[in-house]
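Me: Got a model open here and want to talk it through. Can you walk me over the main spots?

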Amino acid sequence: MKKIINASILNADFSNLKEQIDQAVAAEIDWIHLDIMDGHFVPNISMGPTIAQICRQITTLPMDAHLMISNPNDFIPAFADAGVNLISVHVEADAHIHRTLRNIKDHGCKVGIVLNPGTPASAIESVMDMIDLVLVMSVDPGFGGQKFIANVLPKVEQIRKLIHTQKRDIYLQIDGGIDVDTLPLAIKAGADSFVIGSAIFRNKKGIFEAVHQLKSLMQ
Ligand code: DX5
Ligand code: ZN
């Protein structure tokens, strides 16, 4: 599948959000990534459906909501209504994951499942037939700008093989600490969708140049 740059706005300048998104879109990012945190599943609070709705008004690009929240099933209608195209939920956050994944699909969104760095690939084997995307966290979720955990790379390779056995297109996304140094490692391990926050929105070279440099590594 085509490789995707998915820009996480978590570390964008929110006083200039429209301008920041417009610049990233002009640099030809592929998707917008929304990091949703509740101060309970992760030790930070970020944004909710209202920000998703605002982003939907700014761009027509695909948007995915990465729910780092307890009881994710309760919030699926709100994010679907806000206009996100794909909703990802953590396998660790939900004791009834099949019901939640079905609910995402029933609300007209594509379905994503997320694994924390410490969660093995086997945790998602039983849901492979229900999903459109697997997200492997390469940092413990909660904050932007953290250091890439290279120990997750063998798991990315393992999941690439799992995807191969499903005869459907499933994105293999990686999220956390991706920059010009770690992107090539993630590509080599088999990821095809790259969530990138700080290396785009906090890059000294500016958003446009940052995206171009990252894209050149994906050729
Ligand atoms: C971490 C989030 C990530 C992260 C990406 O909890 O899921 O999306 O903010 O930001 P960088 O690229 O700065 O690690
Ligand atoms: Zn994320």
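**Walking through the model**

Reply: Let's start with Ile104, which is buried, at a relative accessible area of 0% (buried is under 20% relative accessible area, exposed over 50% and partly exposed in between, with a 1.4 Å probe and protein chains only). This is a predicted model: local features need pLDDT of at least 70, side-chain atom pairs count only at pLDDT 80 or more, and totals for chains, interfaces and linings use all residues. Residues are numbered from 1 along each chain as its sequence is written, chains are lettered from A and ligands numbered from 1 in the order in which they are written, and side-chain values use heavy atoms, with hydrogens and water left out.

Me: Where is Ile104 placed?

Reply: Ile104 sits in helix H4, residues 97-106. Helices (H or I, at least four residues) and strands (E, at least two) are DSSP runs, numbered from the N terminus.

Me: OK, and what pLDDT does the protein average?

Reply: The average is 98, and 100% of the residues score at least 70; pLDDT is the predictor's confidence in each residue, from 0 to 100.

Me: On to the metal. Which residues coordinate the zinc ion (ligand 2)?

Reply: His33 through NE2, Asp35 through OD, His66 through ND1 and Asp175 through OD, at 2.0 to 2.3 Å. Donors here are N, O and S atoms within 2.8 Å of the metal (3.2 Å for Na, K and Ca), and water is not among the atoms, so sites may look incomplete.

Me: Why is the arrangement octahedral?

Reply: Because the six donor atoms around the zinc ion (ligand 2) subtend angles of 68 to 167 degrees. Six donors count as octahedral if opposite donors are over 155 degrees apart and all others between 65 and 115. The ideal angles for six octahedral donors are 90 or 180 degrees.

Me: How are the donor residues spaced in sequence?

Reply: The pattern is H-x1-D-x30-H-x108-D. Asp35 in strand E2 (residues 31-37) and His66 in strand E3 (residues 63-68) link distant parts of the chain, being 31 residues apart. Asp35 and His66 are buried.

Me: What about ligand 1, which residues come nearest?

Reply: Of the 20 residues around ligand 1, the nearest are Asp35, Gly142, Gly145, Asp175 and Ser198; a residue counts as near if one of its heavy atoms lies within 4 Å. Asp35 and Asp175 also coordinate the zinc ion (ligand 2).

Me: Switching to backbone: what is the phi of Glu28?

Reply: About 70 degrees, positive although Glu28 is not a glycine. Most residues other than glycine have a negative phi. Glu28 lies in the loop between helix H1 (17-26) and E2 and counts as exposed, at 51% relative accessibility.

Me: And Leu61, buried or exposed?

Reply: Leu61 is buried, with a relative accessible area of 17%, in the loop between helix H2 (49-58) and E3.

Key
Four donors count as tetrahedral if all angles lie between 85 and 135 degrees; four count as square planar and six as octahedral if opposite donors are over 155 degrees apart and all others between 65 and 115; anything else is irregular.
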